[in-house]
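Here is a short report on one protein chain. Please look over the sequence and the structure before reading on.

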Amino acid sequence: MVKKTLHNKVFFDEIKTRISNLSADSEKKWGKMNAAQMLYHCDLVLQIPLQKIELQKINYIFRMIGIITKKEMHIFNNGIPHNMPTFQKLIVNFECSFEEARNNLLKTLDFYWDSFEKQSLPKEHILFGNMKEKDWGFLEYKHLDHHLKQFNV
């Protein structure tokens with residue numbers, strides 16, 4: 001079973017190509033966000049391992065659920081369910097420019113790759129607990145894949 005990760009250049013480039021194939025009028029299969037909002041949201045999520053966004057502390061029960069979810073995703077290589085709740089800081093419910101959001105996400109992906117190569121990804125995530133390099137690459141790939149599938153790319 002192949003576990004795709006942003007830390008493999010083939011899968012990293014695949015994600016960038018899929019983002020480039022998205023259009024402003026791509027129809028969504030589920031959710032509230034349009035394509036521009038989804039790109040903006042994905043950019044915000046990638047800002048976490050780049051340590052540009054800090055998430056608020058959560059209670060112990062939610063943290064335990066996050067840690068278990070991370071382990072379950074690694075074991076079963078499953079995806080993210082539709083319409084999952086997210087942190088308030090990561091919600092994009094305002095209008096934004098599609099081209100700007102796409103260009104920013106592609107640039108952020110390049111910053112992420114640099115951070116990965118420099119081995120400077122954080123050792124902790126507020127929801128998922130202790131994070132190894134493999135966790136970041138796997139979970140960030142899964143998140144991007146989830147939203148790209150949302151818009152059929």
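Which residue caps the N-terminal end of α2? Asn34 does, with a side-chain oxygen that lies 3.1 Å from the backbone nitrogen of Ala36. The model discussed here is predicted.

## Helix α2

The helix α2 consists of 13 residues. From its first C-alpha to its last, α2 reaches 19 Å, which is close to the 18 Å expected at 1.5 Å a residue.

Of the 13 residues of α2, 12 are buried, so this helix is largely enclosed by the rest of the structure. Buried here stands for under 20% relative accessible area. The buried residues of α2 include Ala35, Met38, Leu39, His41, Asp43 and Leu46. Among the elements that cover the buried residues of α2 are α1, α4 and α5.

## The nonpolar core

The largest nonpolar core holds 43 residues, and Leu6 and Leu109 have the most contacts inside it. At least two residues of this core come from each of α1 (9-21), α2 (35-47), α4 (98-117) and α5 (133-150).

Leaving aside residues up to four places away in sequence, Leu6 touches Leu109 and Leu46, as well as others including Phe12, Ile15, Tyr112, Trp113 and Leu144. Gly137, Glu140 and Tyr141 are also touched by Leu6.

## Thr17 in helix α1

Thr17 has its place in helix α1.

Along the chain, Thr17 and Leu106 are 89 residues apart, while their C-alpha atoms are separated by 9.7 Å.

Notes
Residues are numbered from 1 along each chain as its sequence is written. This is a predicted model: local features need pLDDT of at least 70, side-chain atom pairs count only at pLDDT 80 or more; totals for chains, interfaces and linings use all residues. Side-chain values use heavy atoms; hydrogens and water are left out. A nonpolar core is a set of buried Ala, Val, Leu, Ile, Met, Phe, Trp, Tyr and Cys residues joined through side-chain atoms within 4.5 Å. Buried means under 20% relative accessible area, exposed over 50%, partly exposed in between (1.4 Å probe, protein chains only). Helices (H or I, at least four residues) and strands (E, at least two) are DSSP runs, numbered from the N terminus. Contact means heavy atoms within 4.5 Å. The expected span of a helix is 1.5 Å times one less than its number of residues. A polar contact is a pair of N or O atoms within 3.5 Å; within protein, one must be able to donate a hydrogen and the other to accept it, and residues adjacent in sequence count only if both atoms are side-chain atoms.
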